[in-house]
Amino acid sequence: MIEELSLDGRRIILLGTAHISAQSIEDVRQAITEYQPDQVCVELCVHRYDAIKNAEHWQRMDIVRVIKEGKAPLLLANLMLTAFQKKMGDQLGVRPGAEMVAAIEAAEAIGAKVVLADRAVTTTLKRAWGALGFFEKLKALMHLIGGSLNSQEVSEAEIEELKNTDVLTEAIESMAAELPGIKTVLIDERDRYLAQKIRSAEGPTVLAVVGAGHLPGIQRQITEEHDLEPLRVIPKPSPWVNIIKFGMPLIIIAMIVYGFAQADAQVSWEMIKRWVLANGLLSGLGALIAGGHPLTVLTAFVAAPITSLNPTIAAGWVSGLTEAWLRKPTVQDFENLGQDITSLAGFRRNEITRILLVVILSNVGSALGTFLGIPLLASLL
């Protein structure tokens, strides 16, 4: 799908592609040969470009550092998105993003400058994650897991149909109804970002290779100047997040202290027991569902009631690091990661993804235990 427009005396060609389409690769090569652009803009950032060019980039990952820096959810989301495209690409024999690589190679062949026009993927994921509430994050995680592990075959004809803007618009609107924050960050913001980068490209003829779903938005936004800095900022959490994070432990401690001071001490001991069980059992259950080692499950059970009262430490960090220590990822885990993420069996077999699941599901269990624990304790007063 090609859209051509004139902007400030320059010729702008927008080429919409499907990211796992063999036909899109040929479309890109043909367009660059035909139009002979001065600059070629591609829907890639530096990180995604490196990931496409270097299949072994996962082998450089430090899983312990990922856990300590609290990046497990972002890494898991990135893996899920990668798995979804890789699975469809494997069915058709096309590597995800191959048309972008073809665009870069074709541009270099004619001496055109290449512009990596997309926003950094880590920034996009952080902004998307930050835009969601707790239950929206759970829903998004379920969508990602379902999409990445879906075994339904996709035909080449169906892939080519993704170039139809109406089909993509319908899918985006459906997603927006459930997770409007995701749609805003993944589509609307990147439309503006891509439009500005294309608009800023130099030369009489500029050709941009982008996913077909971005074409309508880029066409709307490209006539205006956009400041990209606000789109690169990682928003700070709402003040309410810190109020809840620090306030809930204070409420729990205050109820237990009140029980010792004003009620029967037996009531306070019952509060402590309920708190330990609510947090520990649900966090341990999360680690168990993730396939964690028995000692990891025990660690999650013991850690959750304590970490829930300490906003600076998460139960998942403790259980994840325990899992990483008990079952250190092997070289084979890193080598097989790209393939293992495409199936449920592979997800549970590969120690890297199992560690990530342990971190996230232990945290989810602990959080649910906290919300459940407060009314359980309050009912004793």
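Trainee: How far does helix H14 (residues 265–289) reach from its first C-alpha to its last, and what is expected?

Mentor: H14 has 25 residues and reaches 36 Å, close to the 36 Å expected at 1.5 Å a residue. The expected span is 1.5 Å times one less than the number of residues. Helices here are DSSP runs of H or I with at least four residues, strands are runs of E with at least two, and both are numbered from the N terminus. The model is predicted: local features need pLDDT of at least 70 and side-chain atom pairs 80 or more, while totals for chains, interfaces and linings use all residues. Residues are numbered from 1 along each chain as its sequence is written, and side-chain values use heavy atoms, leaving out hydrogens and water.

Trainee: Where in the chain is confidence lowest, and where highest?

Mentor: pLDDT is the predictor's confidence in each residue, from 0 to 100. Helix H9 (residues 165–178) is lowest, with a mean of 50, and strand S3 (residues 39–42) is highest, at 95. The chain averages 80, and 79% of the residues score at least 70.

Trainee: Why is glutamate 99 called buried?

Mentor: Buried means under 20% relative accessible area (exposed is over 50%, partly exposed in between; 1.4 Å probe, protein chains only). Glutamate 99 has 1% relative accessibility, so it counts as buried. This residue is found in helix H5 (residues 98–110). Its C-alpha atom is separated by 4.4 Å from that of isoleucine 25, 74 residues apart along the chain.

Trainee: What makes strand S1 (2–7) and strand S4 (113–116) edge strands?

Mentor: Two strands pair if DSSP finds at least two bridges between them. The open sheet has 5 strands in the order S1-S2-S5-S3-S4, with mixed pairing. S1 and S4 each have a single partner strand, so one side of each is left without a neighbour in the sheet.

Trainee: How do you know that S3 and S4 are paired?

Mentor: They share 4 bridges, in the parallel sense. Valine 40 stands opposite valine 114 in S4.

Trainee: What describes the packing of H14 against helix H15 (residues 294–307)?

Mentor: Two packed helices are described by the angle between their axes and the distance between the axes. Axes are lines fitted to C-alpha atoms, for helices over the stretch in contact, and angles run from 0 to 180 degrees between N-to-C directions. H14 and H15 pack at about 145 degrees, with their axes 7 Å apart. Contact means heavy atoms within 4.5 Å. Among the residues that meet are Trp275 and Gly280 in H14, and Ala300 and Phe301 in H15. Trp275 and Gly280 are also among the buried residues of H14.
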